Amino acid sequence: MAGVMKLTCLVLACMIVAGPITSNAALSCGTVNSNVAPCIGYITQGGPLPGACCSGVSKLNSMARSTPDRQQACRCLKTAASALGPNLNAGRAAGLPKACGVNVPFPISTSTNCNSVK
C-alpha cells in the first residue's frame, strides 16, 4: 500500500511538472491535478470520500468556465486517470462528480473525447 501511494505521488508530481498547457486555456494541468490530488486515494483504493476531494472538484468545476478551459481540464483529468493505470477504479473516477454533488459537463474517463466537450 505504501508503494502504491509513493507511485501515485510520483505520477502526480510528474504530471504537474510535465502537464501540457494550451495557449487558449487558462487552466494548467498543475492546477487541475492539485485540485483533484485529494481524490487519488479514493479513486484507487476506495474508502470514505475526503471532503478536500469534493472541495477540489467543486473549485475546479467553477474555474473551468470557458470551452477551452473545460477541454483542458478534461485532457488533464484523462491523462491523470491514464497515468494511474491498473490502480484506477474507473467506476469511482466516473462517479466522483456525482458523489461530490458537482455537475461536471463531461465524464471523467480515459476514453472521454475531450474535443467534444463544450
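**Ground rules.** I am working with a predicted model, where local features need pLDDT of at least 70, side-chain atom pairs count only at pLDDT 80 or more, and totals for chains, interfaces and linings use all residues. Residues are numbered from 1 along each chain as its sequence is written, and side-chain values use heavy atoms, leaving out hydrogens and water.

**Fold.** I found six helices and zero strands (DSSP runs, H or I of at least four residues for helices, E of at least two for strands, numbered from the N terminus). Of the 118 residues, 41% count as buried (under 20% relative accessible area, 1.4 Å probe, protein chains only).

**Helix 2 and helix 5.** I looked up how residues 29–36 and 67–83 meet: the two axes come within 9 Å and cross at roughly 60° (axes are lines fitted to C-alpha atoms over the stretch in contact, with angles from 0 to 180 degrees between N-to-C directions). From helix 2, Cys29, Val32, Asn33 and Val36 meet Gln72, Ala73, Cys76, Leu77 and Ala80 of helix 5 (contact means heavy atoms within 4.5 Å).

**Helix 5 alone.** I listed its buried residues, among them Asp69, Arg70, Gln72, Cys76 and Leu77. Just after helix 5, I noted that glycine 85 takes a positive phi of about 55°.

Terms used:
Buried < 20%, exposed > 50% of the residue type's maximum accessible area, 1.4 Å probe, protein only.
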